[in-house]
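Here are my notes for someone opening this model for the first time. Have it on screen while you read, and take the points in order.

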Amino acid sequence: MRRWLNKSLKRKLSLLLLVAVVLPLLATGAVSYRIALSLTEEKEKQSGMNTLRQVADKLDFMIRDVENMSVFIIGQKDIQQYLDNERADISLYTQNIGFLTNLVFSKPYISNITVTSAFDYPSLSNTTLLHSGLSAQLEGKEDYMRNNLKWWTSLYENQTTSDGLKRVVSLVRPIRNTSKFQPVGALSISLDEAEIRKILQASGWEKKGFVLLIDQQGHILSGDSPAWLNRPLTERLPNLDELSGRDGVFTYSGEGKEDNTVLYHTLSSLNWKLVGVIPTQVYTAQNQYVLTVTAYAIGIALLLAIALVLSFIQWVTRPLTGLASTMKDINPDEAIPTYKVKSEDEVGLLVHSYNKLSDRIQRLKEQVQQSEAKKKEADILALQAQINPHFLYNTLSSIHWIALMNKDKQIAEMVGALSDFLRFSLNKGEEFCPVQQEVAHAQNYAYIMSIRFQDKFETAFYVDPQLNSLPMLKLLLQPLIENSIMHGLQKKKGKGRLYVHGERSGETMTFVVEDTGIGMDEDKLREIRRSFGGLGNPAPEPERGRSGYGLRNVHQRLQLHYGSETGLRIESEPGAGTRISFTIPILEESP
């Protein structure tokens, strides 16, 4: 059997695909009922819990809004002044009534706001209360109110001249004098139960189920029917288990009735709970539909799978067989012969790749040769650019005039800087050096140029000492400094500044050369960036001596030595200066 299979890819694929397709289909049919039951029920529970959380978020927002509003009202200067006066002030009374009315008008879920005085002054309210159940709520809770900053009541009824009879739940807070912290009154803000019920009804809950909001004592604050308000939850759902924890899901049977799924979620702002009830028949009915569809689908798929697998194997293996007979005699040392492409699928792509392999190898060889040639050319140009005859002549001329006119130690310092500069530029043609040497070379150059162009600029170097011993490609900073001086600071009226930064970030180090020179406009900046080109897309050669030639040289050297991801980044604004930076990886030792 094994030998029979090993001699033919067609036989292997046929057997493997038949097993891979038929067995999962049969297994799916065997467990489809359990999967459908579990997934449908879990999805319904998850959807219900998400709905409860969304409703809880809306209620939490209302509660926090009321609590924040209460702090705002208590701290109001006019409220404090009215409650703290030796006698009632009619002007303050009128003004505060208008203030409270505006607040209630802006919040549709607030029924009324009432401020009572500890000195029997007329109460402040946005409406006239004909009857209020708040007094009954507060009976026997005087000690609790004195020791707590706030308290939420259970559901009670208010009757006003403007809205009539309404069921509300209120936030009650004592008001204290802001200067002496003595009790001067109390504040109550009432939430309209009808508005809470609108939120519950708009949640999209199952039509055959319902959602309830219960308080800390387990009484119904709001729900689908006003008849159950302010009654214990256990009357609506007899023999209900305790709702322990903040969230939960369980099956509830009730008194011999059909099973229901009960979900509950606790509000984050208060210890109120949202309780949702979903009849089990909601998702069991869905299971029957899923089972029917699954049974038909598996039966049809099983028949089609066998026929399609056999025809598919024959269709796929035909071109592979022809390709194998052509490729088996290929000599690896010779050019790969072309094979006629008859399709555009994966087999056709495979043949097309073989046809392109020989050309691709040749192109890669040519690119490597060109890259090496460009690398050597860029390094030679970088070395040659450091020994600019005009630079040497101007420097020597400066030394000469300083010697004639000043006769001080400045001559020795300048000659020393020039000596170090030339010595580093011609150090046996090495490509890499420690960061400390590169920075010292740049400092020598900046010092020499500051002597040439006295009172034109000041220089500051800020380089992390941790970088001193790390290797980097040499002759990168000096061309950037030269560009800043010659094309930015020299042309500026007045004295400018030149900053050189170096810092480490993880496994890379970043250097920045920034000046306060004349800067560049967007067209000039775009021209310089275009001149950089790339390793695979050479840019037009800029005219030597013009701005951008040295930058292009540094940019290409960075990409040749560190990869195409590196290179110069240039930012500039006319009149504000120019910032040039590059980031290179940290190497343990010079290549």
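**Notes on the model**

Ring pairs link Y82, Y93, F119 and Y121 into a cluster. Before going further, note that this is a predicted model, in which local features need pLDDT of at least 70 and side-chain atom pairs count only at pLDDT 80 or more, while totals for chains, interfaces and linings use all residues. Residues are numbered from 1 along each chain as its sequence is written, and side-chain values use heavy atoms, with hydrogens and water left out.

1. Let's stay with the rings for a moment. A pair of aromatic rings is described by the distance of the centres and the angle of the planes. Rings of Phe, Tyr and Trp (for Trp, its six-membered ring) pair if their centres lie within 6.5 Å; planes under 30 degrees apart count as stacked, over 60 as edge-to-face and the rest as tilted. The whole structure holds eight aromatic pairs. One of them is Y82 with Y93, a tilted pair at 6.2 Å centre to centre and 45 degrees between the planes. Y82 sits in helix α3 (residues 77-84) and Y93 in helix α4, so this pair ties together parts that are eleven residues apart in sequence. The rings of F119 and Y121 are also a pair, tilted because their planes are at 45 degrees, with centres 6.0 Å apart.

2. Y82 is buried, with a relative accessible area of 1%, and Y121 counts as buried at 11%. Y93 is partly exposed at 26%, and F119 is partly exposed at 45%.

3. Now follow helix α4, which spans residues 90-106 and contains I97. Helices (H or I, at least four residues) and strands (E, at least two) are DSSP runs, numbered from the N terminus. I97 is buried, with a relative accessible area of 19%. Contact means heavy atoms within 4.5 Å; leaving aside neighbours within four places in sequence, I97 is in contact with L124 and S125. I97 and L124 are 27 residues apart in sequence, yet their C-alpha atoms are 6.0 Å apart in space.

4. L100 is in helix α4 too. What is its relative accessible area? The value is 0%, so L100 is buried. Beyond neighbours within four places in sequence, L100 is in contact with I73, I113, V115, L124, S125 and N126. L100 and N112 are twelve residues apart in sequence and 8.6 Å apart in space, C-alpha to C-alpha.

5. Next, have a look at S190 in strand β7 (residues 183-192). S190 is buried, at 1% relative accessible area. Its side chain makes a polar contact with the side chain of Y156, at 3.5 Å. (A polar contact is a pair of N or O atoms within 3.5 Å; within protein, one must be able to donate a hydrogen and the other to accept it, and residues adjacent in sequence count only if both atoms are side-chain atoms.) Not counting residues up to four places away in sequence, S190 touches several others, including Y109, I110, N112 and V168.

6. N260 is buried, with a relative accessible area of 13%. Residues up to four places away in sequence aside, N260 touches F250, T251, Y252, V277, I278, P279 and T280.

7. Which of its residues are buried? They are L525, I528, S531 and F532. These cover an arc of only 125 degrees around the axis, which puts them on the same side of α15; the arc is that of the directions from the helix axis to the C-beta atoms. D523 and R530, on the other side of α15, are exposed. Just after α15, G533 takes a positive phi of about 60 degrees.

8. Finally, some overall numbers. The protein has 16 helices and 19 strands, and 40% of its 591 residues count as buried. Of the contacts with a separation of 6 or more, 62% are between residues 24 or more positions apart.

Technical notes
Buried < 20%, exposed > 50% of the residue type's maximum accessible area, 1.4 Å probe, protein only.
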